[in-house]
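Biologist: I would like to learn how to read salt bridges in a structure. Could you walk me through some?

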Amino acid sequence: MSQSQPQPQPQPQSKSKSEQWQWENATAGAAAGFATVAAMHPLDVVRTRFQVNDGRISTLPSYKNTAHAIFTIARLEGLRGLYAGFNPAVIGSTVSWGLYFFFYDRAKQRHSKNKEGKLSPGLHLASAAEAGALVCLCTNPIWLVKTRLQLQTPLHQTQPYSGLYDALRTIMREEGWSALYRGIIPGLFLQVSHGAIQFTAYEELRKGIIDFKSKDRKKDSESDDKLLNSVDYAVLGASSKIAAVLLTYPFQVVRARLQQRPCSDGIPRYMDSWHVVKETARFEGVRGFYKGITPNLLKNVPAASITFIVYENVLKLLKMARRKD
């Protein structure tokens, strides 16, 4: 994550402050990611199982709705079923959010040079897209393992993975390292577009709320951080997430279907992204691209609120600690 730099230039103080700020963003993002996963993982399992169920696979259970899915998984598989893939989810989400905020903040700093610190919506979009692409390249193997662990059910005919390490080792042995990057193309589209839409919406809504709240207050009497509270951050996170989910959800379905474990004969159900799109459109229509969107919204809207509440508040604590030093 950190890059080797040449010898310090004559302005070491501002340089160290900038680097410290980037690490504070990464730490706040990582804490936010962990809190999000811990609270919402069972809905993630349900969403993944809905996404890949095209009605033509006998090894996948069918559920009537989100509540029925949670109840059935709890009854047949217990807590382990509801938290299948939890370890890679925690690692992936914590690493992803940490890297995302780190790359996003660095991109914003780079774009804001000579712009007096204010970015246009286009530059917010570019910063978020850049961060999303880098995160996707770093974390795709973790998400692939998470998806496969979540899809392991008592109906599976293949030897189940015992955990993250066993899954990685088995995939490398049976399918080769390239299998770890199955779904990378829709994953890149998803990360770039979803993150760009979410963070652009978040930043623009945040500016709007700050402008609205600061109208009746004296200039410079309060910083932006003090104008916003946890309720504001919750609303901002939820609103921006809904916009991103509705526009990018089909990419999630395509990626999940690509990342399924091959059948016992070793042949993947879908060969590439275009194959998924054709088969889904042919047998399920547009509705097939939005399978599992209900648990996805139930998971991600509150999750986004939790994420941004934790992120902004951890960031405040880190700033206060830095000021005391």
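Predicted model: local features only at pLDDT ≥ 70, side-chain atom pairs only at ≥ 80, totals over all residues.

Biologist: How many salt bridges does the structure hold?

Modeller: Side chains of opposite charge can pair when their charged atoms come close. A salt bridge is a side-chain nitrogen of Lys or Arg within 4 Å of a carboxyl oxygen of Asp or Glu. The structure holds 16 of them. One of these joins the side chains of Arg 148 and Glu 175, at 2.7 Å from N to O.

Biologist: Which parts does that pair tie together?

Modeller: Arg 148 lies in helix H4 (residues 121-150) and Glu 175 in helix H5 (residues 164-175), so the pair ties together parts 27 residues apart in sequence. Helices here are DSSP runs (H or I, at least four residues), numbered from the N terminus.

Biologist: Are these two residues buried or exposed?

Modeller: Buried means under 20% relative accessible area, exposed over 50%, and partly exposed in between, using a 1.4 Å probe and protein chains only. Arg 148 is buried, at 2%, whereas Glu 175 is partly exposed, at 23%.

Biologist: What separates Arg 169 and Asp 166 in helix H5?

Modeller: About one helical turn, because the two are three residues apart in helix H5. Arg 169 is partly exposed at 43% relative accessibility, and Asp 166 is buried at 16%.

Biologist: What about Glu 174 and Arg 173?

Modeller: Their side chains meet in a salt bridge at 3.9 Å, N to O. Glu 174 is partly exposed, with 49% relative accessibility, and Arg 173 is exposed, with 57%.

Biologist: Which residues are linked in a network of salt bridges?

Modeller: Asp 44, Arg 47, Lys 146 and Lys 299 are. Let us look at Arg 47, which sits in helix H1 (residues 12-52) and is buried, with a relative accessible area of 8%.

Biologist: Where does the side chain of Arg 47 make a polar contact?

Modeller: With the side chain of Gln 252, at 3.0 Å. A polar contact is a pair of N or O atoms within 3.5 Å; within protein, one must be able to donate a hydrogen and the other to accept it, and residues adjacent in sequence count only if both atoms are side-chain atoms. Leaving aside neighbours within four places in sequence, Arg 47 is in contact (heavy atoms within 4.5 Å) with residues including Lys 146, Tyr 249, Gln 252 and Lys 299.

Definitions and conventions. Residues numbered from 1 in each chain as written. Heavy atoms only, no water.
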